[in-house]
Amino acid sequence: KILFEETIEKSFKENVLKSEKRPDGRKIDEIRPLFCEIDILPRTHGSSIFSRGETKILSILTLGSHGDQLMMDNMEVSGKKRFLHHYNFPPYSVGEVKRLGSPGRREIGHGMLAEKALLPLIPGFEDFPYTIRLVSEAISSNGSTSMASVCASSLSLMQAGVPIKAPAAGISIGLVIGKNLKEYKLLTDIQGPEDHYGEMDFKVAGTANGITAIQMDVKTQGITREIFEQALLRAKQAREKILAVIKETIAEPNKSLSPYAPKVKIIQINPDKIGMVIGTGGKVINEIIDTCLVAIDIEDDGKVFVTGQTEEAMEKAIAWIKEITHEFEIGETFTAKVKRIFNFGAMVEIGPKQEGLVHISELAPFRVNAVEDVVKIGDTIPVKIIKIDEQGRVDLSAKQAGFSPESKPKTNTDQKPFNKRTNK
């Protein structure tokens, strides 16, 4: 077996170094045939296939709400992660039959490399308030599935309508060395045998404007500056060819999202009123979620993320939240409900858990002897804010809002006088 391996390696290197002949007959700077297709899984938020020779990647994208972020809490990183790229390498991708297990170190590393290449292109939460998860499935493998994952992911992101800054592509550059580092050949888009018998697997990913990720595996003591520069140049040439094919398939991100993707809107509230939205034990926020069928996530700075399947549901929830957190201003008018009556005026409700006082002198455009002569508990009357003190207490005027006893609406609390003779 060892002799066989040595013979194959010697033959491989001699063919490349002397005649630039590769195992599959390609030129040393030639990329295998490329194929791209998008929107192949109609029920997903985004999907694509990228093929480079026998290397084929199926990419699946899912959009989630703000609350779907991954919570990170370890020695190195603490916080939330909103862009996730996962990579799977099932045994059948290389013609093997064995147990399907959880991702190993290789799969995790390949997924992280592709994620690193794509991360600089992902828009911020302000521009695109979604959690983004990509899954790259290697359905066939013969050389650099991680770089193919970058290409397939770019296709899925644009097809899903994620406004990425630019599409990214990746390629792997190999190296064959003779007697010393001065005698070498670089190979573009290496396959399995070229990776196995060669001295380098140099993965480079990026956009037309620059590199976003690099990974180099070498089997020698090192490489020269010349080899490194030539490898970067060869990777750029290959990346530009792949990007041209990607742009032929989809030139820019779609303007609209999949109809199956959730809708997300962001509103800003006063951080001091977050507790009012949540309520005691989460009673208020859970009532909004259950009634409107939405998901609500609130940041400490007062940003509220409302996620729903329909615009109607989101608008209903947003209107509810705005009503709870409304910042009252002098001059605003409302239709208020009388909740309590005192000798000096009436306490009315102008919003959820927000009351204001209408002083007896502000009830009507004439002198009022008793509050009950003008309003009763349960009446609805127009009011206008005339003062807000430092403690947030609101003073109201009914007469300045155009209210007079003649225009007072009747309510169910109004009753006929008791007739002693008929006991009715």
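Is Arg26 buried or exposed? Arg26 counts as buried, because its relative accessibility is 7%, and the cut-off for buried is under 20%. The model described here is a predicted one.

## Arg26 and Glu194

Arg26 forms a salt bridge with Glu194, and the closest N and O atoms of the two are 3.7 Å apart. Arg26 sits in the loop between α1 (2-19) and β1 (34-38), while Glu194 belongs to helix α4 (residues 192-197), so this pair ties together parts that are 168 residues apart in sequence. What is the relative accessibility of Glu194? The value is 2%, so Glu194 counts as buried.

A network of salt bridges links Arg22, Asp24, Arg26, Arg32, Arg52, Asp189 and Glu194. In the model as a whole, the count of salt bridges comes to 21.

## Glu299 and Lys80

A second pair is Glu299 with Lys80, whose side chains meet in a salt bridge at 3.6 Å, N to O. Distant parts of the chain are linked by this pair: Glu299 is in the loop between β13 (295-298) and β14 (303-308), Lys80 is in strand β5 (residues 78-81), and the two are 219 residues apart.

Glu299 has a relative accessibility of 24% and therefore counts as partly exposed. Lys80 is partly exposed as well, with a relative accessible area of 48%.

## Glu311 and Lys265

Which residue meets Glu311 in a salt bridge? The partner is Lys265, and the N to O distance is 3.3 Å. Glu311 lies in helix α8 (residues 311-324) and Lys265 in strand β12 (residues 263-268), so a helix and a strand that are 46 residues apart in sequence are tied together by the pair.

Glu311 counts as partly exposed because its relative accessibility is 40%. For Lys265 the relative accessibility is 28%, so Lys265 counts as partly exposed too.

## Asp379

Where does Asp379 lie? Asp379 is found in the loop between β17 (354-359) and β18 (380-388). With a relative accessibility of 0%, Asp379 counts as buried.

The contact reported for Asp379 involves the backbone of another residue. A polar atom of the Asp379 side chain lies 2.9 Å from the backbone nitrogen of Lys376.

Key: Residues are numbered from 1 along each chain as its sequence is written. This is a predicted model: local features need pLDDT of at least 70, side-chain atom pairs count only at pLDDT 80 or more; totals for chains, interfaces and linings use all residues. Side-chain values use heavy atoms; hydrogens and water are left out. A salt bridge is a side-chain nitrogen of Lys or Arg within 4 Å of a carboxyl oxygen of Asp or Glu. Helices (H or I, at least four residues) and strands (E, at least two) are DSSP runs, numbered from the N terminus. Buried means under 20% relative accessible area, exposed over 50%, partly exposed in between (1.4 Å probe, protein chains only). A polar contact is a pair of N or O atoms within 3.5 Å; within protein, one must be able to donate a hydrogen and the other to accept it, and residues adjacent in sequence count only if both atoms are side-chain atoms.
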